[in-house]
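Q: I would like to learn how to read the fold of a protein chain from its helices and strands. Could we work through an example together?

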2 protein chains.
Amino acid sequence: MAEARRESGLAGLADFGYSGNMESTDAVSALSALAHPGRLAIFRLLVRSGPAGMAAGDIGRATGMLANTLSSNLTILTQAGLAASRRDGRSIIYRADYQAMSGLLAFLMEDCCAGEPAICAPAIAAAQAGACGTKAC
Amino acid sequence: MAEARRESGLAGLADFGYSGNMESTDAVSALSALAHPGRLAIFRLLVRSGPAGMAAGDIGRATGMLANTLSSNLTILTQAGLAASRRDGRSIIYRADYQAMSGLLAFLMEDCCAGEPAICAPAIAAAQAGACGTKAC
DNA sequence: TCTATATTTCGTGAACTCTCGAAATATGGA
DNA sequence: TCCATATTTCGAGAGTTCACGAAATATAGA
């Protein structure tokens, strides 16, 4: 989807390591998948439901999405590597892929700190604060 | 832009705190801004150039984008809060907004850890690894 | 086998994004 | 004031995303 974008006008990006960087294109597809209110909501729900995951129907009930719209959004999250599914009887259980999430965060942090490491410390602190609530980690 | 999306089909998302959550809509617009190969490249460039920032023309030379395309992408990053600009003579200097970046990372980490804190530790480790290279922080 | 439940696939129209050429605006220097 | 440089704005066409209704597929149980 986002990978098959038109590429005109991007000549020259290779000059600083843009093209051919698999990490970067992976990041773009993960970001594209999350850059949608409904899909971000689904993903949050999946993360909160833990490794056990959540049946598509329950996700649909929680978000109010129609089954077909939900299905296409789940497919987009899955193709971006952010979710995985398994069948359980008549239901299909989706779960968040934490490794993909870690990879995306690492990629973004790397960007953030490549230039001015000092400036990126607050980002780490904020991330840890978000991660641990107000408690010490 | 992404904020003014059609909203049909999202009824019911409010049930678990989706709608009206400013944080979430901010995250979606930041994610949308970064979910584009050229803009992600621009943003990385800006982050690496530090607080001093970079003139639009230099960004154009580095990325190979046409001036008008570049301008519209810089506007999108700015409107998403990820970049800021100031005029310096004939040039306009853009810089990354680190606070916005921290906020986005915190939001994503928060999602990641709300359900299963133990699972999110690797994400923090990965983020710190990305942040600090292979050196201890 | 028949029926109900659960989810996906298909096709379509509307809305949105993206890039471009051309023109406009702004600043600095001759 | 005139000109060159730097950047933005405008308008348009091509391509993509989105949500929906209808139909198809898959599983479980009567």
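The dialogue below goes from the order of the elements to the sheet and then to the packing of helices.

Q: How many helices and strands does chain A have, and in what order do they run?
A: This is a predicted model, and in it chain A has six helices and three strands, which follow one another from the N terminus as α-α-β-α-α-β-β-α-α. Of the 137 residues of chain A, 42% count as buried.

Q: What is the order of the strands in the sheet?
A: In general, the strands of a sheet pair through backbone hydrogen bonds, and the pairing is either parallel or antiparallel. Here the three strands of chain A form an open sheet with the order β1-β3-β2 and antiparallel pairing. Strands β1 (54-55) and β2 (83-88) stand at the edges with a single partner strand each, so one side of each has no neighbour in the sheet. The antiparallel pairing of β2(A) with β3(A), residues 91-96, extends over six bridges, and A:R87 has A:I92 of β3(A) as its bridge partner.

Q: Which strands does α2(A) lie across, and at what angle does it run to β3(A)?
A: Helix α2(A) lies across β1, β2 and β3 of chain A, and its direction is at about 90 degrees to β3(A).

Key:
Residues numbered from 1 in each chain as written. Chains lettered and ligands numbered in written order. Predicted model: local features only at pLDDT ≥ 70, side-chain atom pairs only at ≥ 80, totals over all residues. Helix = DSSP H or I, 4+ residues; strand = E, 2+ residues; numbered from the N terminus. Buried ≥ 20, exposed ≤ 12 C-beta atoms within 10 Å, placed from the backbone. Pairing = 2+ DSSP bridges. Contact = placed C-beta atoms within 7 Å. Axes fitted to C-alpha atoms, helices over the stretch in contact; angles between N-to-C directions.
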